[in-house]
Amino acid sequence: MVNEFDKRRKYAVKRLTYMGFKFKIPEGAFYVFPEVPTNSVKFSELLLDKARVAVVPGKDFGSDRHVRISYATGMKNIEEGMNRIENVLKKI
């Protein structure tokens, strides 16, 4: 499973970097914590409403300018979620 989570982490990091997000590369967690262009609650609501992707607002984790995006799911779900996020970002 270590190799599988590393693969998922690298994929999420690659896609989010391509989309222009800034973040510290995770070392031991199952999530990425990218900086977002608005407050974390508004951005989370936007992704849920427009992309049908659930992320966790960073407000309760010390930063209202970040969201938590988990990669503790299957690769197919991660790929689909990243595609949906990218599609929404292209429209705003």
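Visitor: Is phenylalanine 43 buried or exposed?

Guide: Phenylalanine 43 is buried, with a relative accessible area of 2%. Buried means under 20% relative accessible area, exposed over 50%, and partly exposed in between (1.4 Å probe, protein chains only). Keep in mind that this is a predicted model: local features need pLDDT of at least 70, side-chain atom pairs count only at pLDDT 80 or more, and totals for chains, interfaces and linings use all residues. Numbering starts from 1 along each chain as its sequence is written, and side-chain values use heavy atoms, with hydrogens and water left out.

Visitor: How many aromatic pairs are there?

Guide: A pair of aromatic rings is described by the distance of the centres and the angle of the planes. Rings of Phe, Tyr and Trp (its six-membered ring) pair if their centres lie within 6.5 Å; planes under 30 degrees apart are stacked, over 60 edge-to-face, and the rest tilted. Here that gives two aromatic pairs. One of them joins phenylalanine 21 and phenylalanine 43, edge-to-face, at 6.2 Å centre to centre with 75° between the planes. This pair links distant parts of the chain, 22 residues apart: phenylalanine 21 is in the loop between α1 (2-18) and β1 (31-32), and phenylalanine 43 is in helix α2 (residues 40-51). Those elements are DSSP runs numbered from the N terminus (helices: H or I, at least four residues; strands: E, at least two). Phenylalanine 21 counts as buried too, at 10% relative accessibility.

Visitor: What does serine 44 touch?

Guide: Serine 44, also in helix α2, touches Val55, Val56, Pro57 and Val67, leaving out residues up to four places away in sequence. Contact means heavy atoms within 4.5 Å. Serine 44 is buried at 7% relative accessibility.
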